[in-house]
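Let's take a friendly walk through this protein, with an eye on its charged side chains. Have the structure open and follow along.

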Amino acid sequence: TGHLRDNRINFAQPEMAQQIKNLSAAAWTLGSVFALASAGAYSGTWHELFGDYGVIYSENSAIKFSPTFHALSALGAHHAHEITIATSLDNSWVAFENREAKKIVIASLRPWAVEITANVLAGYKTIQSLHASECEKASQIMDWWSYAETTPVLGGLPLTLAPFEIAIIRG
């Protein structure tokens with residue numbers, strides 16, 4: 001990256017590692033997966049699975065699931081041999097499309113609302129999302145995507161994603 005090692009953010013530092021519990025970390029994890037996939041990487045490792053700094057952690061004797069866990073589970077649920085990746089011209093969002101299953105996982109990479117044009121959504125019918133306001137509830141549910149509200153995609157209209165929103169759009 002051109003930065004001195006001492007100036008890089010280090011998730012081994014406890015205050016930085018806690019960011020894994022934020023929706024922005026979930027979106028940026030999907031952005032990182034996108035970047036490596038677009039560079040031709042076949043696999044990668046991002047976060048600890050269990051523990052204080054893991055995507056699954058304990059809080060007051062309860063097991064919790066971070067937004068990053070839910071983002072990765074949405075991506076992992078593709079079960080496809082071929083995923084098409086895409087981004088906006090300004091890199092404000094990334095998408096992973098399974099054309100076989102007619103499913104797209106989209107992540108907003110910005111702390112402001114971003115718009116997905118209607119042509120990206122052509123042929124898709126429903127959307128489920130994880131917003132910042134739902135993260136506490138989602139942390140208590142292992143399979144957020146079975147629980148999350150499903151709403152229709154309004155044909156011919158753009159979709160506005162909230163800051164760092166993760167969405168699954170199905171056809």
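## A lysine to start with

Lys64 has a relative accessibility of 7%, so it counts as buried, the cut-off being under 20%. Please keep in mind that this is a predicted model.

Which residues does Lys64 pair with? One partner is Glu136, and the closest N and O atoms of this salt bridge are 3.0 Å apart. Glu136 is partly exposed, at 46% relative accessibility.

Lys64 also forms a salt bridge with Glu59, where the closest N and O atoms are 3.7 Å apart. Glu59 is partly exposed as well, with a relative accessibility of 33%.

## The other pair, and the network

The count of salt bridges comes to 3. Arg99 and Glu97 form one of them, with their closest N and O atoms 3.2 Å apart. Here Arg99 is exposed, at 55% relative accessible area, whereas Glu97 is buried, at 17%. Through shared partners, salt bridges join Glu59, Lys64 and Glu136 into one network.

## The whole protein

Now zoom out. The protein has 171 residues, and 39% of them are buried. Its secondary structure consists of 5 helices and 10 strands.

Among contacts with a separation of 6 or more, 62% are between residues 24 or more positions apart. The protein exposes about 9900 Å², with carbon and sulfur atoms supplying 55% of that area.

Technical notes. Residues numbered from 1 in each chain as written. Predicted model: local features only at pLDDT ≥ 70, side-chain atom pairs only at ≥ 80, totals over all residues. Heavy atoms only, no water. Helix = DSSP H or I, 4+ residues; strand = E, 2+ residues; numbered from the N terminus. Buried < 20%, exposed > 50% of the residue type's maximum accessible area, 1.4 Å probe, protein only. Contact = heavy atoms within 4.5 Å. Areas by Shrake-Rupley, 256 points an atom, 1.4 Å probe, with all protein chains shown as cover. Salt bridge = Lys/Arg side-chain N within 4 Å of Asp/Glu carboxyl O.
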